[in-house]
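Please open the model in your viewer and keep the sequence panel beside it.

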Amino acid sequence: MLRLILGRAGTGKTALLFSEIAARCARRQSGSFLIVPEQYSHEAERALCAACGDSLSLYAEVLSFTGLARRVAAETGAGEAPLLDQGGRLLCMALALDGAASRLRVYGSAGRRAETQSALLAAVDSLKAAGVDSEALYAASESCPGGLGDKLADMALILEAYDAVVANGHADPADRLTVLAEQILDSSMGPDDHIYVDGFIDFTFQERQVLRALLKRGVQLTVCLTMDELHGENEIFELSRRSARELLAYAGELGAETETR
């Protein structure tokens, strides 16, 4: 089931989640998970502890999406490859650029400039978060004339080369949520689990795939989004409205029940 709790800031959305989780803890019901942005996780955990008391750790847990990835990987026994740190990722990008240099039209000399390597690695992160693969980049490059098409074709080559280098015994942190969406389908998560999502304006493609996988497993998914109303016209809330519509569409495709309040 998907439940959307909508409202402007300060209307009590988070307080409602906390009261529901506290009530489940008081009934000694496990399987409550609050997912918040990484930078908010410690603050949210302190606030939830104040609401739930000492029993929180027994029945509920505060996680980020990456924290959920670690939890599900441990539960499914996926045995993921060691994750690269930032230095290792930069080294893999340098190796990828060196291997692809002869085929690159624009970034052929990028392997010799550290700042360009960092910029290309950031571009790879953005592409993966948006779910854009090399095939889509190649297709886009064919429809774009001149320099833009050359850059897109180069990015497709770089993405392929980078993934090939990383795959040699390691894992890229940028792929972690993509892997999580697949692992959730093999996990024990199901209708007895209540997942609460709070603190997000919108979601990346990877995060949406994780939420879709949770819905597919039949969890009770509650998402708080800040907006005036679902079909409003205030542009300030358009990102949140778009996220709400996409989640409702996912639930509809899966035949899941929905509730909006």
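Contact, as used throughout this tour, means heavy atoms within 4.5 Å. The model is a predicted one, in which local features need pLDDT of at least 70 and side-chain atom pairs count only at pLDDT 80 or more, while totals for chains, interfaces and linings use all residues. Residues are numbered from 1 along each chain as its sequence is written, and side-chain values use heavy atoms, with hydrogens and water left out.

**The whole chain**

Begin with the entire chain displayed as a cartoon. It contains 11 helices and six strands; these are DSSP runs numbered from the N terminus, helices being H or I of at least four residues and strands being E of at least two. Along the principal axes, the C-alpha atoms fill a box of roughly 65 × 45 × 30 Å. Of the 261 residues, 44% are buried, where buried means under 20% relative accessible area, exposed over 50%, and partly exposed in between (1.4 Å probe, protein chains only). Among contacts with a separation of 6 or more, 76% are made by residues 24 or more positions apart.

Select residues 13-26, which form helix 1. The distance from the first C-alpha of this 14-residue helix to the last is 20 Å, close to the 20 Å expected at 1.5 Å a residue; the expected span is 1.5 Å times one less than the number of residues. The buried residues of helix 1 are Lys13, Leu17, Phe18, Glu20, Ile21, Ala22, Arg24 and Cys25.

Next, centre the view on Ile21, which lies in helix 1. Ile21 is buried because its relative accessible area is 1%. Apart from neighbours within four places in sequence, Ile21 contacts Ser32, Leu34, Leu48, Cys52, Ala60 and Tyr196.

Most residues other than glycine have a negative phi.

**The largest nonpolar core**

Now display the side chains of Ile195, Val197, Phe203, Val210, Leu221 and Val223, the residues with the most contacts inside the largest nonpolar core, which has 35 residues. A nonpolar core is a set of buried Ala, Val, Leu, Ile, Met, Phe, Trp, Tyr and Cys residues joined through side-chain atoms within 4.5 Å. Elements giving two or more residues to this core include strand 1 (2-7), strand 2 (32-35), helix 4 (65-76), helix 9 (176-184) and strand 5 (220-226). Helix 10 contributes the most, with five residues.

Select Val210 and its surroundings: beyond four places in sequence, Val210 is in contact with Phe65, Leu68, Leu177, Leu180, Ala181 and Ile184. A second, separate core has 23 residues, among them Cys92, Leu97, Ala100 and Leu104.

**Helix 5 against helix 6**

Select residues 86-100 (helix 5) together with residues 114-129 (helix 6). What angle do these helices make where they pack? The angle is about 100°, and the axes are 10 Å apart; axes are lines fitted to C-alpha atoms, for helices over the stretch in contact, with angles running from 0 to 180 degrees between N-to-C directions. Helix 5 is therefore roughly perpendicular to helix 6, a term that covers angles of 65 to 115 degrees.

Show side chains at the contact: Gln86, Arg89, Leu90, Met93, Ala94 and Leu97 of helix 5 meet Gln117, Ser118, Leu120, Leu121, Val124 and Asp125 of helix 6. By class, this contact has seven nonpolar, three polar and two charged residues. Here Ala, Val, Leu, Ile, Met, Phe, Trp, Tyr, Cys and Pro count as nonpolar, Asp, Glu, Lys and Arg as charged, and the others, Gly among them, as polar.

Within helix 5, the buried residues are Gly88, Arg89, Cys92, Met93, Ala96, Leu97 and Ala100. Their cover includes helix 6 and helix 8 (146-166). Leu95, also in helix 5, counts as partly exposed at 48% relative accessibility.

**Arg241**

Finally, select Arg241 in helix 11. Arg241 is buried because its relative accessibility is 1%. Not counting residues up to four places away, Arg241 touches Met227, Asp228, Glu229, Leu230, His231, Gly232, Glu233, Asn234 and Glu235.

Methods: Parallel < 35°, antiparallel > 145°, perpendicular 65-115°, else oblique.
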